Amino acid sequence: MQPHRMFIAVLFLCLATVGSRADEAITVVSWGGVYEDAQRRAIYDPFTRATGIEVKTAVYSGGVAALGARADKEGWDVIDMIEDQAITACDAGLLSRVEEHQVAEDHETTAAADDFLPGAFRTCSVAQNVYATVFAYNDRAFLGEKPATVSDFFDLKRFPGKRALQRTPDVILEWALMAEGVPITQVYDLLSTDRGLRLAFRKLDTLRGSIIWWQKVGTPADMLGDGRAVMASGYNGRFFSASQKDGAPITIVWDGQVIGYEVWAIARGARNQDTAQRFLRFATAPEQMAALAELIPYGPARRSALSRVGLHRKTGVPMRDHLPNAPQHSHRALYGDSLWYARTKDLRTKRFEAWLRGE
């Protein structure tokens, strides 16, 4: 082949390679709002810069039903999920298996199993961060004594006003038993019995008529900010962002926080399993986990990442102090039992819907 023709052939090969990479993309599904904004800065954009692969996003409000209805139709590849929902989706055959070696970089000296938090690996998912469902209050609603315990959430006499709650039995039943004085170590055992469920719903009855239900994760902070509710359940990161970014008068109560794992999972019908696994490996690297925690206070699921977390990039707030797994927040914390959630979902939902109907 003549030199100039060889040059042209190589040039076309290079252009074709660049074009194929530019056309390559992955669709990552998450929760939208400030959380997705933080993911974009800490994970998605750096992944694109490192690989040339575009990250497209879709938003959902969680749940296995959305996965079944939308994943194939919208081309979902990687999904940000709550762990118990990932377990259910895995059992239903909607997710691909995730192996430990898929998230371990060749250069890492510590085995992934030793670096990740206990229980981080499930059949179809890997933990990415630690979040907490907490309750918070509008600081301007109470000029004197402030709410400080789970029991205060149920005390309408001392702390009158509307309560914003997610329309689900999750967490509120645990709080109801804690407010009744049940030790944290016995909560799930008692909720596994008819007696425990009756006790929890009886406590929830004390709030009937004072509840505003929410479904989108950004709503409770808005409700506190505009005064529609004086207390609200929600995710610690959302409340933190509302108070820091928007100046909302929101105070988090860490008593009775229910800690859970946020996980990454790969859809069974992902268009490119190799690219999805590559994204998982990048997104679960200590650097990316720490970068996310510096933008929104969800604790990294790797020990090596926790030590890297520094100051909030804009405000300079020390972010380790606001993480759910910070030592000062461990008192009276309940670690959510994901397997229990997955296995009892139908029963709890049935009892909850019956309670909503007043039965």
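**Entry: basis of the notes**

I record that this is a predicted model, in which local features need pLDDT of at least 70 and side-chain atom pairs count only at pLDDT 80 or more, while totals for chains, interfaces and linings use all residues. Residues are numbered from 1 along each chain as its sequence is written, and side-chain values use heavy atoms, with hydrogens and water left out.

**Entry: a charged patch**

I noted that Arg41 gathers with Lys245, Arg313 and Lys314 in a surface patch of positive charge. Such a patch is made of residues with over 30% relative accessible area and no salt bridge, like charges being joined within 9 Å and nonpolar side chains (Val, Leu, Ile, Met, Phe, Trp, Tyr) within 5 Å. Lys and Arg count as positive, Asp and Glu as negative, and His and the chain ends are not counted. The place of a charge is NZ of Lys, CZ of Arg, CG of Asp or CD of Glu. Accessible areas come from the Shrake-Rupley method with a 1.4 Å probe, and for residues only the protein chains shown count as cover.

Arginine 41 counts as partly exposed because its relative accessibility is 39%. The classes are buried (under 20% relative accessible area), exposed (over 50%) and partly exposed in between.

How many of the residues of helix α7 are buried? I found 8 of the 8 residues (172–179) buried, so helix α7 is largely enclosed by the rest of the structure. Among them are Glu174 and Trp175.

I then examined the residues on either side. Valine 171 lies in the loop between β6 (163–166) and α7. Valine 171 has a positive phi of about 75° although it is not a glycine. For comparison, most residues other than glycine have a negative phi. With a relative accessible area of 9%, valine 171 is buried. After α7 comes glycine 181, whose phi is also positive, near 95°.

**Entry: helix α12**

Helix α12 covers residues 273–283 and contains arginine 281. Asparagine 272 caps the N-terminal end of α12, with a side-chain oxygen 3.1 Å from the backbone nitrogen of aspartate 274. The buried residues of α12 include Phe279, Leu280 and Phe282.

Arginine 281 itself counts as partly exposed, because its relative accessibility is 25%. What does the side chain of arginine 281 reach? I found the backbone oxygen of glutamine 102 at 3.3 Å. This is a polar contact, defined as a pair of N or O atoms within 3.5 Å; within protein, one must be able to donate a hydrogen and the other to accept it, and residues adjacent in sequence count only if both atoms are side-chain atoms. Arginine 281 and glutamine 102 are 179 residues apart along the chain, yet their C-alpha atoms are separated by 6.4 Å.

**Entry: serine 338**

Serine 338 is found in helix α15, residues 338–356. The side chains of serine 338 and glutamate 83 are joined by a polar contact of 2.6 Å. At 8% relative accessibility, serine 338 counts as buried.

**Entry: salt bridges**

I counted as a salt bridge a side-chain nitrogen of Lys or Arg within 4 Å of a carboxyl oxygen of Asp or Glu. By this rule there are 21 salt bridges.

Arginine 271 forms one with aspartate 77, the closest N and O atoms being 2.7 Å apart. This pair links distant parts of the chain, 194 residues apart: arginine 271 in the loop between β9 (250–266) and α12, and aspartate 77 in the loop between α3 (64–74) and β3 (78–82). Arginine 271 is exposed, with a relative accessible area of 54%, whereas aspartate 77 is buried, with 2%.

Arginine 332 forms another with aspartate 255, at 2.9 Å between the closest N and O atoms. Arginine 332 lies in the loop between α14 (303–306) and β11 (334–335) and aspartate 255 in strand β9, so the pair ties together parts that are 77 residues apart in sequence. Aspartate 255 counts as buried at 14% relative accessibility, and arginine 332 as partly exposed at 26%. I also noted a positive phi near 60° for arginine 332, a residue other than glycine.

Conventions. Buried means under 20% relative accessible area, exposed over 50%, partly exposed in between (1.4 Å probe, protein chains only). Helices (H or I, at least four residues) and strands (E, at least two) are DSSP runs, numbered from the N terminus.
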